[in-house]
Amino acid sequence: MKVSELVVKSIPRTKHSPKHPISCRHLPSHVGTQANVWTTTVTPYQRPKEEESDDEAEPSWNLNVLLSYHIPTPESSMLSSSTVIETSRKLVMGKVLALPLPHRPLFPGVYMPIYVKDPKVLAALVESRKRQAPYAGAFLIKDEQGTDPNVVSASDTEKNIYELKGKDLFSRLHEVGTLAQITSIQGDQVILIGHRRIRMTEVVSEEPLTVKVDHLKEKPYNKDDDVIKATSFEVLSTLRDVLKTSSLWKDHVQTYIQHIGDFNYARLADFGAAISGANQLQCQQVLEELDVHKRLQLTLEIVKKEMEISKIQESIAKAIEEKISGEQRRYLLNEQLKAIKKELGLETDDKTALSAKFRERLEPNKEKIPAHVMQVIEEELTKLQLLEASSSEFNVTRNYLDWLTALPWGSYSDENFDVLRAETILDEDHYGLSDVKERILEFIAVGKLRGTSQGKIICLSGPPGVGKTSIGRSIARALNRKFYRFSVGGLSDVAEIKGHRRTYIGAMPGKMVQCLKSVGTANPLVLIDEIDKLGRGHAGDPASAMLELLDPEQNANFLDHYLDVPIDLSKVLFVCTANVLEMIPNPLLDRMEVIAIAGYITDEKLHIARDYLEKSTRETCGIKPEQVEVTDAALLALIENYCREAGVRNLQKQIEKIYRKIALKLVRKDGKIEPQNAGVNEVKAESVHLSDEIKSKEETQAGAKSVEGTNDDKPSENVAESLEAPVNQMEKPTDEDTHLQEVEEVTESEASKTIEKVVVDSPNLADYVGKPIFHAERIYDQTPVGVVMGLAWTSMGGSTLYIETSLVEQGEGKGALNVTGQLGDVMKESAQIAHTVSRIILQEKEPDNHFFANSKLHLHVPAGSTPKDGPSAGCTMITSLLSLAMKKPVKPYLAMTGEVTLTGKILPIGGVKEKTIAARRSDVKTIIFPSANRRDFDELAPNVKEGLDVHFVDEYKQIYDLAF
Ligand SMILES: Nc1ncnc2c1ncn2[C@@H]1O[C@H](COP(=O)(O)OP(=O)(O)OP(=O)(O)O)[C@@H](O)[C@H]1O
């Protein structure tokens, strides 16, 4: 039978007690952490007649109704109440078994289950019940010395207590305890009901511990005392408050309050302490307190504290509840919102919306998308629907679909097959470059005849700044194709071209797919810059990947690793740029149509500067054409003294510099109120006069130069002097204002508005671009004995170089040759060959001259810091050696180039145009080229060839005749 179902029937009701049994729930055990909950039916407990005399002061016994929870066992129910009380009375003044309580004291009127571990004690208890004297003394165990009563270590305490015996146990128990009636024993669980306060005085026997006890009585008190009343009311009202906030004690307190009419102050105090969660010491204090008022005060303290705790508990519960319900509310509302939107058709869920977006993208040219691509797209769209939106796979698929659907499958821009229009556009953007322009026009013509254009690879090669990149952009404009440029200089990762595999995190498609997405057409013009600087590659070979991309045979099915579906690049026009053709991997070069842009001669540069660079710079600086004038002389001076390299990028920079300075001048002028300067026209006249003077000076010098061998002046220095002289002369007049000319411009509305014009001429050029920075390539005006001018070609364009030979020492059999000037192996060998060939030729020409056999020679090629290599200086070296041997200088203004064999044959060289341009820059009048290069020279534009005396030779002997 369950304890909770038991009903006590043996105890009769009193006249004050409720008529019906009271149902109590959540009855606490108060055994430390074991807060057992009992449900039982309680019947009022009748006070036996014998006891009445002891407790006369108490107003009523009915309070016991809720405090005495008698849970009978079959045996206990057999005991009559009178017998029980009788026995207890006898025991009170005698000896009792001492039961240690580990956690809380037992209060009179309260029941408490305990566990008795000691078999001897348990046997004694069973025995006492058999003898119908079921009583024992329940005493709280003191805390061990030095331990904090607030710190719970229940298991330890229990363990130690059960081991304590006899006097040890006696010394560890609080003196004041409660006389407890043993109501039931089940196994080791013993249920006690507290009756009255007792104090143990001495040990009677040790095992089990039996002690002598005295009965303790409350001090007499006046039940009408206002203070006691008030305190007890406060205890009651606090208990009522606890009732409101904590449901745990609800039933007890409610019951208690129902019988408020006849209560007992002492029991009220005990009850309050018993149901509270106060610690054992506080409870023991209440138990030990015999002054009812003080006891009530102690209890009040405890229940007030209880009240505070229950308030905190309530606020904690409330906060947590609020938090949870807030989150739940938001979640619910969101779900509802989604459902409502879906219902109204305002928004589909994420996946559907995504799929719809992708399909929408494909819609405009759905029929043009290749079937195999469409199939992949459909598969991916189905997969997307099946995947969880938060999974990483979902993101991969979404990105993949994004790329697949963003590509311009089969959509081409309308091409321009109008040759005349294309020609106009090309001429608009670039001066000269007729080869390139011609090739583009051919391409358009073929496209026009075929009806469609073909994918081609054009490679523009040449020194920096000759307009390779800008002509690429111009070609795209002429063909009406979209333009996309990417540089492959230093590119070493194949993934840049072919993309990463989709399995990698952060995978991206290659440059070509990115290009198609960004231009939005499948036939753009793609400019691949710096193809000669393609990196070596650590994973895969970028050159091979480029081949797959560029080769018209392969690129119709170009497979990007990321995209994983073949794309057709056959309609793309590829234009590559390179500085040095030799650096382009051969298989790539093989598939390209190379168009070399050699660089510009002064005249071309002048046109480019005047018609293109100046115009665009003026516009970007916001200067009106009427506000500035840069004279031809100034431009010429700029080109000759500041910008002598093959390209025009530096020229562009210098022009930009000039225009920036002009802009500043104009803005500064605007800020000042300019006095009407009467002398301005005079200054202008002076300026014009000075520039005329310079021109005439230049003309005289040019005339002088044409007279061979008669001019001892250094022409380049003279030019510099002539340029600097007027600047010095004009030191005073070149004050800022002197070059600002006021031109009256009469408009309809503002008749008197004046516009200031800045004139840049050769004399004041230095004010804008600083002193000339270029050092002449020509270090000798008249080459001395042993020195001959050669022609070289570098990635920066052509240039002239000197071969110098001098005698170190002479003596029988001392013939030897030393070479310096950072020469490469080929050039060193070339010097050896030249040494041998010149010895043979000297023997032929001057059989008695044994110069080479007896002379130690030194051959040097300035500048010593520039590495040089190649065989094309062979004939120059021979000439230099022969000049020294025969002590004859070569003809002035002569330059030559050509590889020589050991038998004196002259082999062809490269870079004829660059070398010719370089020769012209160095004022060379006569050039000797190998015969095999005649065609290259003939193809040159007339303005490049103009004024040059060019000879083509097959054998060295021909050079001998020309040079000496
Ligand atoms: N023939 C020309 N007519 C007009 N402008 C030109 C011409 N040649 C070059 N330019 C101008 O020179 C500038 C430099 O040209 P660009 O950048 O195309 O040189 P590049 O050959 O590509 O050089 P790099 O090899 O260093 O890339 C551009 O502003 C371009 O417009």
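How many contacts beyond four places in sequence does the model have for residues 255–262, where pLDDT stays under 50? The model has 13 such contacts for residues 255–262.

## Confidence

This is a predicted model. Its scores are ipTM 0.96 and pTM 0.53. Mean pLDDT for the protein is 74, with 76% of the residues at 70 or more. Residues 1–86 have pLDDT below 50, and this stretch makes 142 contacts in the model beyond near neighbours in sequence.

Where pLDDT is low, the predicted coordinates should not be read in detail. Residues 255–262, with pLDDT under 50, are one such stretch, and residues 1–86, with pLDDT below 50, are another.

## Overall fold

The protein contains 34 helices and 27 strands. Of its 964 residues, 36% count as buried.

## Ligand site

The ligand is surrounded by 18 residues, and P464, G467, K468, T469 and S470 are the closest. By residue class, the shell around the ligand holds seven nonpolar, nine polar and two charged residues.

Three helices each supply at least two residues of this shell: α17 (468–479), α22 (602–621) and α24 (649–671). The most comes from α17, which gives three residues. In terms of domains, the shell draws at least three residues from domain 3 (419–596) and at least three from domain 4 (602–671 + 684–705 + 712–769).

Note on methods. Residues numbered from 1 in each chain as written. Predicted model: local features only at pLDDT ≥ 70, side-chain atom pairs only at ≥ 80, totals over all residues. Near = placed C-beta within 6 Å. Helix = DSSP H or I, 4+ residues; strand = E, 2+ residues; numbered from the N terminus. Nonpolar A, V, L, I, M, F, W, Y, C, P; charged D, E, K, R; others polar. Domains from an automatic or database assignment. pLDDT = per-residue confidence, 0-100. Contact = placed C-beta atoms within 7 Å. Buried ≥ 20, exposed ≤ 12 C-beta atoms within 10 Å, placed from the backbone.
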